[in-house]
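Q: I would like to learn how to read a structure of this kind, one feature at a time. Please show it to me and start with the general idea behind each feature.

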Amino acid sequence: MTAAPVLDPQRTALLLVDLMDRVVALPLEPRKGTEVFAAAEELATTFRRAGALVVLVRVERPAVAEQPPGSGLVPGLRRDGDLEVVKRTLGAFQGTGLDERLRACGITTLVFGGIATNLGVESTARAAADLGYDLVFAEDTMAAFTAAEHEASVRLDFPRLGTVTRSTDISFA
């Protein structure tokens, strides 16, 4: 991990991926979903206090009449001013209008957290990199189905896309 850059709150958004009841409750590694949620919630509070945008991404299964129980965001996570995005693919950019919404807000840097590190988070991050965003990964706000999957993303893939750091090291100018 490296030191996080000092961020501009007017140009930075926090993207928290799939912090839904049914996902947070899954058996995850290297930390429990409840630990991921607590760290992500604290980071979201830091962003809101700085006046930075918080984007909450959740998935819905396409072509089903009713979503499974626990498909909403963990209660209490969303606050006034947050942007909620519903995705129907692995990543949050495809078919959601997310890029247009971020650009309309002047966002150039994205900070990532969520579940699963190597699936929804990484897929969204790869698309964001292709779209030209600067990326920061808050490692302690993520988990995967196995520790090996999480570690592969944060040790091998994410450093090629941006900066990997801890949520407590993120600060604003």
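A: Start with contact, which means heavy atoms within 4.5 Å. In the protein chain, among contacts between residues at least 6 apart in sequence, 82% join residues at least 24 apart. This is a predicted model, in which local features need pLDDT of at least 70 and side-chain atom pairs count only at pLDDT 80 or more, while totals for chains, interfaces and linings use all residues. Residues are numbered from 1 along each chain as its sequence is written, and side-chain values use heavy atoms, with hydrogens and water left out.

Q: How many helices and strands does the protein chain have, and what pattern do they follow along the sequence?
A: Helices (H or I, at least four residues) and strands (E, at least two) are DSSP runs, numbered from the N terminus. The protein chain has five helices and eight strands. Their order along the sequence is β-β-α-α-β-β-α-β-α-β-α-β-β.

Q: What radius of gyration does the protein chain have, and what does the C-alpha trace span along its principal axes?
A: The radius is taken over C-alpha atoms, and the globule rule is 2.2 Å times the number of residues to the power 0.38. For 173 residues, a compact globule would come out near 16 Å; the protein chain has 15 Å, which agrees. The C-alpha trace spans about 45 × 35 × 30 Å along the principal axes.

Q: Which residues have the most contacts inside the largest nonpolar core?
A: A nonpolar core is a set of buried Ala, Val, Leu, Ile, Met, Phe, Trp, Tyr and Cys residues joined through side-chain atoms within 4.5 Å. The largest one has 30 residues, and those with the most contacts inside it are Leu14, Leu19, Phe47, Val111, Ile115 and Ile170. At least two residues of this core come from each of strand 2 (12-17), helix 1 (21-24), helix 2 (33-50), strand 3 (53-59), strand 5 (109-115) and strand 6 (134-143). Helix 2 gives the largest share, six residues. A second, separate core of 25 residues includes Leu15, Ala92, Leu110 and Leu135.

Q: Which residues are in contact with Ile115, leaving aside its neighbours within four places in sequence?
A: With those neighbours left aside, the contacts of Ile115 include Val17, Asp18, Leu19, Val23, Val24, Leu28, Val121 and Ala143.

Q: Where are Asp18 and Ala63, and is each buried or exposed?
A: Asp18 is in the loop between strand 2 and helix 1, and has a positive phi, near 60°. With a relative accessible area of 7%, Asp18 is buried. Ala63 also has a positive phi near 60°, and its loop runs between strand 3 and strand 4 (83-87). Ala63 is exposed, with a relative accessible area of 87%.

Q: How far apart in sequence and in space are Ser71 and Asp21?
A: Ser71 and Asp21 are 50 residues apart in sequence and 6.5 Å apart in space, C-alpha to C-alpha. Ser71 is in the loop between strand 3 and strand 4 and counts as buried at 7% relative accessibility. Leaving aside neighbours within four places in sequence, Ser71 is in contact with Met20, Arg22, Arg58 and Val59.

Conventions. Buried < 20%, exposed > 50% of the residue type's maximum accessible area, 1.4 Å probe, protein only.
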